[in-house]
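Let's walk through this model together, one region after another.

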Amino acid sequence: MGENPVRICDTILRDAHQSLLATRMRTDDMLPIAEKLDQVGYWSVEMWGGATFDSAMRFLNEDPWERIRKLKARMPNTPFQMLLRGQNVVGYKHYPDDVLERFVVNAHENGIEVFRVFDALNDVRNMRRAMEVVKREGAHAQGAICYTISPVHNVDSFVEMARVLEGMGADTICIKDMAGLLSPYVAHELVGRLKDEIQVPIHLHTHYTSGMAMAAVLKAVEAAVDIVDTAISALAMVTSQPPTETLVRILQESPRDTGLDLALLAEISHYFSEVRKRYAAFESGMRGVDVNVLQFQIPGGMLSNLVSQLREQGAENRYAEVLAEVPRVREELGYPPLVTPSSQIVGTQATLNVILGERYKVIPAEVKNYVRGYYGRPPAEIDGEVRRKAIGDEEPIDCRPADLIPPGMEQARTEIGDLAESEEDVISYALFPQVARPFLERRQHGTGGKEALVAAVAALLVQRLECRPAAVAENAAAPASPWKTAWRPQRGRWASLLEGAGGTR
């Protein structure tokens, strides 16, 4: 090990398979290698949060809370890390403070030790409550900055946000580069500035989508970054993270040698190479670097799934038009970083603008709520004409959105009734009522196996039917919870976008 070793967070149990395998890896495929993972000596293993929570119930017929407990029983020595979407928790809308609080408390009690907290708009108001509860519970609060490029985002603005997060009690600061936009020399400058001006350790998360990830990591290492995210090579690169083994080998001849055992890592990689074959049906089809992310700033998962969406509508020939429309919509909506849920908001509106032949002819409820301020404060002013089309003369809110949301735990407890066998069940229902109820009903009835497979297939078919063009006007006009629109991302195909992977997602 070097004099000042780089610490490694491996994403193999969360972001890696969310980015490459549509978040479909089952707990049973993680458990056989868990003891080997525990021997590596990682700073942490990211194994929960993001899209894994609802995907477990929706597609795998698994209790997401049980995953933590089962893995922790075999990995007692490795800190478990999760991705927490601030006030969005692990969902796609803002939740009441009491739901957020109970989620954090129970996640920590079950075994989560590091909470990476971010907000899609970099609105720290939406991160504050989560970080307060994490700190109160004695867990590690990591404040994340969503890295993006725009006229209103720069190194100075990111450093200022880091100062605010440090003042809020962040134990570490993470640069969250969900689309692989961080170039090597900007990485060096940003990390260097943070190391000069911030007292807590700096953590770098990036994606390989643009092909710059390993170079960016190495320049960040030169600038004294403390921790970096990588993925075991069997599930690395493309829209995932740079490979763990490669970085370990590169740093062996430097003072920043990680000290990790390459032979052990190779054994783990071989295991996941075999596991990956079982999920071939969920591969995105991307095989290498996608330069479109540099031009359009669209995460790789969003790109690949956009093609699938358009193909299903018989509009694949409009792909280039939609690509060009995304940056225009992003600018008009105030340059939000493209990460869950803002990536879906921008992508959906851009697709509608192109397919319907008239810009903003249909504006989904989620876009209107974004303009109203219900997702937080946009980084820049929203275009006045777009605002008028979306909400007319209505004044957007200027408070923290969650201040307007009444408590939700007791209502959830009443609604789910005897189906809930634990506090965790109530939380699952409070977050995803339409997903948790059928899952809890299946559990109560003792169904599984073939029934679970049928449920997963049925869910996918329903999502395909929901994407019919004829449903656009109906869904846009009706009140909807986040992403019950005609063009909502299909979870099976847009999973990497959902974390901004490639995410957040």
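This is a predicted model: local features need pLDDT of at least 70, side-chain atom pairs count only at pLDDT 80 or more; totals for chains, interfaces and linings use all residues.

Angles between helix axes run from 0 to 180 degrees between N-to-C directions, and angles over 145 degrees count as roughly antiparallel.

Helix 2 and helix 11 have axes 10 Å apart and pack at an angle of about 155°. The two helices are therefore roughly antiparallel to each other. Their crossing is left-handed. On the side of helix 2, the contact is made by Pro32, Ile33, Lys36, Leu37, Gln39 and Val40, and on the side of helix 11 by Leu264, Leu265, Glu267, Ile268, Tyr271 and Phe272. Sorted by class, the residues in this contact of helix 2 with helix 11 are 9 nonpolar, 1 polar and 2 charged.

Stay with helix 11 for a moment and turn to another partner. Helix 10 (residues 244-251) and helix 11 (residues 262-277) have axes that come within 10 Å and cross at roughly 165°. Helix 10 and helix 11 are therefore roughly antiparallel to each other, and here too the crossing is left-handed. Helix 10 brings Thr244, Glu245, Val248 and Arg249 to this meeting, while helix 11 brings Leu262, Leu265 and Ser269. The classes in the contact of helix 10 with helix 11 are 3 nonpolar, 2 polar and 2 charged. If you select Leu265, you will find this residue of helix 11 listed in the contact with helix 2 and also in the contact with helix 10.

How do helix 19 and helix 20 cross? The axes of helix 19 (residues 423-431) and helix 20 (residues 433-445) come within 6 Å, at a crossing angle of roughly 140°. Helix 19 and helix 20 are therefore oblique to each other. Helix 19 contributes Asp425, Ser428, Tyr429, Ala430 and Leu431 to the contact, and helix 20 contributes Pro433, Ala436, Arg437, Leu440 and Arg443.

Glu421 sits in the loop between helix 18 (409-416) and helix 19. Is Glu421 buried or exposed? Its relative accessibility is 58%, so Glu421 counts as exposed. Glu421 and Gln444 are separated by 23 residues in sequence, and their C-alpha atoms are 9.5 Å apart in space.

Setting aside the neighbours within four places in sequence, Arg163 is in contact with Glu197 and Ile198.

Next come the aromatic rings. Counting pairs whose ring centres lie within 6.5 Å, the model has 10 aromatic pairs. One of them joins Trp48 and Phe53 in an edge-to-face arrangement, with 5.6 Å from centre to centre and 75° between the planes. Both Trp48 and Phe53 are buried. The pair also belongs to a cluster in which ring pairs link Trp48, Phe53, Trp65, Tyr92, Phe103 and Phe432.

Which peptide bond is cis, with omega near 0°? The bond from Thr340 to Pro341 is cis, and Pro341 lies in the loop between helix 14 (319-332) and helix 15 (342-355). Turning to phi, Ala22 has a positive value near 55° although the residue is not glycine. Ala22 is in the loop between helix 1 (15-20) and helix 2 (31-40), and at 6% relative accessibility Ala22 counts as buried. Asn61 is another residue other than glycine with a positive phi, again near 55°. You can find Asn61 in the loop between helix 3 (52-59) and helix 4 (64-74).

Definitions and conventions. Residues are numbered from 1 along each chain as its sequence is written. Side-chain values use heavy atoms; hydrogens and water are left out. Helices (H or I, at least four residues) and strands (E, at least two) are DSSP runs, numbered from the N terminus. Angles under 35 degrees count as roughly parallel, over 145 as roughly antiparallel, 65 to 115 as roughly perpendicular and the rest as oblique. A crossing is left-handed if the near helix is turned anticlockwise from the far one by less than a right angle, and right-handed if clockwise. Contact means heavy atoms within 4.5 Å. Ala, Val, Leu, Ile, Met, Phe, Trp, Tyr, Cys and Pro count as nonpolar, Asp, Glu, Lys and Arg as charged, and the others, Gly among them, as polar. Rings of Phe, Tyr and Trp (its six-membered ring) pair if their centres lie within 6.5 Å; planes under 30 degrees apart count as stacked, over 60 as edge-to-face and the rest as tilted. Buried means under 20% relative accessible area, exposed over 50%, partly exposed in between (1.4 Å probe, protein chains only).
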